[in-house]
Amino acid sequence: MSTCTATTNLACRFAPETSESDPVVCQCKSVTESRIRAAVDDGAKDIRGVAIKTGACTGCTACSCRVNRVIMGLPAKCGGRFDLCDGCGCAAVICECEAA
């Protein structure tokens, strides 16, 4: 497995369709940061609550770090190995983009 250091948007078969302003936080269920924030605003207080309202964290759970950050009022980007690749927007742990 490889990680990316490039900042260009290169092809990775796992990369989601996303925008910089509303990144996909949960790759498995295609849940965006704004949907998670809306779930928190609607009363979700933990990962289980967000999972019930959005489906995030019900697949591989690699997004749990980012979901927890959103619940705490922080940006989703955490910088860990399960964060999103700067080259393609895919979870870095499964990234196979050309920038690697």
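Trainee: In which loop is Cys57 found?

Mentor: This is a predicted model, in which local features need pLDDT of at least 70, side-chain atom pairs count only at pLDDT 80 or more, and totals for chains, interfaces and linings use all residues. Residues are numbered from 1 along each chain as its sequence is written, and side-chain values use heavy atoms, leaving out hydrogens and water. Helices (DSSP runs of H or I, at least four residues) and strands (E, at least two) are numbered from the N terminus. Cys57 lies in the loop between helix 2 and helix 3.

Trainee: Is Cys57 buried or exposed?

Mentor: Cys57 has a positive phi of about 70° although it is not a glycine. Its relative accessible area is 11%, and the class is set by this area (under 20% buried, over 50% exposed, partly exposed in between, with a 1.4 Å probe and protein chains only). Cys57 is therefore buried.

Trainee: Ser30 is not a glycine, so what is its phi?

Mentor: Ser30 has its place in the loop between strand 1 (24-26) and strand 2 (31-32). At 47% relative accessibility, Ser30 counts as partly exposed. Its phi is positive, at about 55°.

Trainee: How are helix 1 and helix 3 placed relative to each other?

Mentor: The axes of helix 1 (residues 33-41) and helix 3 (residues 64-71) are 9 Å apart and meet at an angle of about 50°. Angles under 35 degrees count as roughly parallel, over 145 as roughly antiparallel, 65 to 115 as roughly perpendicular and the rest as oblique. Helix 1 and helix 3 are therefore oblique.

Trainee: Which residues of helix 3 make the contact with helix 1?

Mentor: Contact means heavy atoms within 4.5 Å. Helix 1 contributes Glu33, Ile36, Arg37 and Val40 to this contact. From helix 3 come Val67, Val70 and Ile71.

Trainee: Which side chain is joined to that of Glu33 by a polar contact of 2.7 Å?

Mentor: Glu33 is found in helix 1 and is buried, with a relative accessible area of 13%. Leaving aside neighbours within four places in sequence, Glu33 is in contact with Asp22, Pro23, Val25, Val70, Leu74, Pro75 and Ala76. A polar contact is a pair of N or O atoms within 3.5 Å; within protein, one must be able to donate a hydrogen and the other to accept it, and residues adjacent in sequence count only if both atoms are side-chain atoms. The side chain joined to Glu33 in this way belongs to Arg37.

Trainee: How far apart are the C-alpha atoms of Glu33 and Val70?

Mentor: Along the chain, Glu33 and Val70 are 37 residues apart.

Trainee: How are helix 1 and helix 2 placed relative to each other?

Mentor: Helix 1 and helix 2 (residues 47-54) pack with their axes 9 Å apart, at an angle of about 110°. Helix 1 and helix 2 are therefore roughly perpendicular.

Trainee: Which residues of helix 2 make the contact with helix 1?

Mentor: On the side of helix 1, the contact is made by Arg35, Ile36, Ala39 and Val40. On the side of helix 2, the residues are Val50, Lys53 and Thr54.

Key: Axes fitted to C-alpha atoms, helices over the stretch in contact; angles between N-to-C directions.
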